[in-house]
Amino acid sequence: MSTVMTPPESAAAPPSGPVHRRIAWHLRHNPKRELWLAWWVMVAFYNLFFPMFFVVAQVQPPPQPTWDLATQVHWFDERHLGMPIGFGIIFAIAGMTAMNNALIAYSMRRMSVSPAFGYSYLLIYSLSAIPGLLLLCIALVVGTLRPERNPETIGWLYDFAFLSFDGTMGVFLIGSLIWMVAILIDKNRVFPKWFGYLNLCNALTEVVVAPCWIFQRGVLAWNGQIAWWLDMVVFGVYQVTFIVMLFQMIRREDFGSGPLPDLPRKRANAS
Amino acid sequence: MIDIKFNKRLLVVWLVLSALTLAYLWIDHSVDGGGSLRGSAVVTSSVIVIASIKVRIIFREFMEVRQAPVLLCRLTDAWVVLIAVSLLACYFVGVALR
Amino acid sequence: MTELTDKNKRTRFVPGQPDMWAFVLFETLVFTAYFGFYLFYRAKSPELFLHGQAQLDLRIGVLNTLVLLLSSWSVARCVQSARVGAYRAALRDGYLTAFLGLAFMVSKVLEWARQIRMGNGFGSSDFFTYYFFLTGIHFVHLVIGFVVLGVLVYQLRSAARRSQELVETCATYWHTVDFLWVLIFALLYVVR
């Protein structure tokens, strides 16, 4: 990747005219179409993920660890339709996370840092979908399959689901740190340094949620005001920011290997 | 030489901050007289205010905000006020909901 | 963001990267939220928190604070020395800062060990949950501070590498660790 490829856009600009012709041109000729596809897949995934978890399956915000077995069984019962439907969709779209991770790894390949950063990130995050997403979905769907199951077993699935979801943040912690280090030592200015520091903030929230293994009540339980609510605020800020940052990166991309150019027209703060 | 003047200023700043820290010992001593443990909104409020003052001093002197563009001065001052107000608010709301 | 090239012309400059300032302000908000929860719950059950707090030794807290404030002083002095080109003095101050940070860490670990021996663990009471949580997350920031100091020392040691902006950035982070402790100390040890 040492030659600078002049994007054909400057040689053959998209045709002016009706929208469908311009779209067709972009689909066939835009050199960044794969990048944009990846970005839109990522946006689509999150637009499905959050409604499925929060509205259809209603498993977030999480229920309380302190509920007795009867209440837990009732909680499963209330969601006997929502969870299979919501998680069924999640199982179908879970593969889209591969595009998210690929795009982020791509951003690290574009940097002046070793490719090892991109590869390690890919490895870690490929595996992280298991504890970070799928185990919760599987455990809860299993719980809804047979409502007449022994309440003790339902309770076990309940604990397993939420502890596996909230308590396994170690993988995300390391992943965030990898991206952070890459951004901070990068000389190609792919991302501004403050975004690297934001990765550190996100990584630290993973540390804060770790005590949920110990506490059944209080601010550090898996549904606690610090471990869940405050962390979700930081996580939300981080998510929106990195989606925007990747958008900017694709817009600025010149397929070279030197510093990424700023956008034209007064993008003075894209340091 | 300018650097010697700067260094003296830094030392004075540290002395002031340390004095404010030691003032806590005095507060602590005078509150717990008699051996019984008591909550006190006055103590809590003054401790929070003193801590906020210390943070502002650290911002302005150690972190060199004094010589920074006005925006950063305003921003850090706003943050100090935000910290003090939020902490006092949380405390007093908690007291009210006791 | 320009360095102070002409000492006679006092232009206003942002110390270090503005990016680090963004991080400092954001982290401060997050910590303020933690403190807010602590104060709210403390105000709701004062006896429980007072009882727990009584088992802390204020003198250790004061000593910790003085040590960390001194480390802020030494790193501020380091930045000023580096700015005028006195790199050997700056390097000495950098090492002094690290040493003081280490003293704080050792003191904190010993204090934790003492509390645990006294039977006060992470889950013992709401007060001690907050105590270990706040001092713990601060400790993590302090450990990161050592990495940051490493970058600072690395910058100062080689004439080829020196970047005043990076030195100031590292110092800004260290000061944040200090003022966060100032707040934690006030809230855990002194507040009633």
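Helices (H or I, at least four residues) and strands (E, at least two) are DSSP runs, numbered from the N terminus.

The model is predicted: local features need pLDDT of at least 70 and side-chain atom pairs count only at pLDDT 80 or more, while totals for chains, interfaces and linings use all residues. Residues are numbered from 1 along each chain as its sequence is written, and chains are lettered from A and ligands numbered from 1 in the order in which they are written.

**Stop 1: Val55(B) and chain B**

Select Val55(B). Leaving aside neighbours within four places in sequence, Val55(B) is in contact with Val80(B) and Ile83(B), and also with Phe179(C), Val182(C) and Leu183(C). Two residues are in contact if their C-beta atoms, placed from the backbone, lie within 7 Å.

Now colour all of chain B. Chain B has 3 helices and 0 strands, and 29% of its 98 residues count as buried. Among its contacts between residues at least 6 apart in sequence, 67% join residues at least 24 apart.

**Stop 2: where chains meet**

Which chains share the most contacts? Of the 2 pairs of chains in contact, the answer is chains B and C. Their contact takes 46 residues from chain B and 44 residues from chain C. On the chain B side, select α1 (2-31), α2 (41-62) and α3 (70-96), the elements that give two or more residues. α1(B) gives the most, with 15 residues. By class, this side of chain B has 31 nonpolar, 9 polar and 6 charged residues. Ala, Val, Leu, Ile, Met, Phe, Trp, Tyr, Cys and Pro count as nonpolar, Asp, Glu, Lys and Arg as charged, and the others, Gly among them, as polar.

Next, show chains A and C: 17 residues of chain A are in contact with 18 residues of chain C. On the chain A side, α10 (193-209) and α11 (225-252) give two or more residues, and α10(A) gives the most, with 7 residues. No contact joins chain A and chain B, whose closest C-alpha atoms lie 14 Å apart.

**Stop 3: two helices in chain C**

Select α4 (residues 87-117) of chain C together with α5(C); they pack at an angle of about 160 degrees, with their axes 10 Å apart. Axes are lines fitted to C-alpha atoms, for helices over the stretch in contact, and angles run from 0 to 180 degrees between N-to-C directions. α4(C) and α5(C) are therefore roughly antiparallel (under 35 degrees is roughly parallel, over 145 roughly antiparallel, 65 to 115 roughly perpendicular and the rest oblique).

**Stop 4: Val153(C)**

Finish on Val153(C), in helix α5 (residues 126-157) of chain C. Is Val153(C) buried or partly exposed? Val153(C) is partly exposed, because 18 other C-beta atoms lie within 10 Å. Not counting residues up to four places away in sequence, Val153(C) touches Leu91(C) and Gly94(C). Val167(C) is 14 residues from Val153(C) in sequence and 8.4 Å away in space, C-alpha to C-alpha.

Technical notes
Buried ≥ 20, exposed ≤ 12 C-beta atoms within 10 Å, placed from the backbone.
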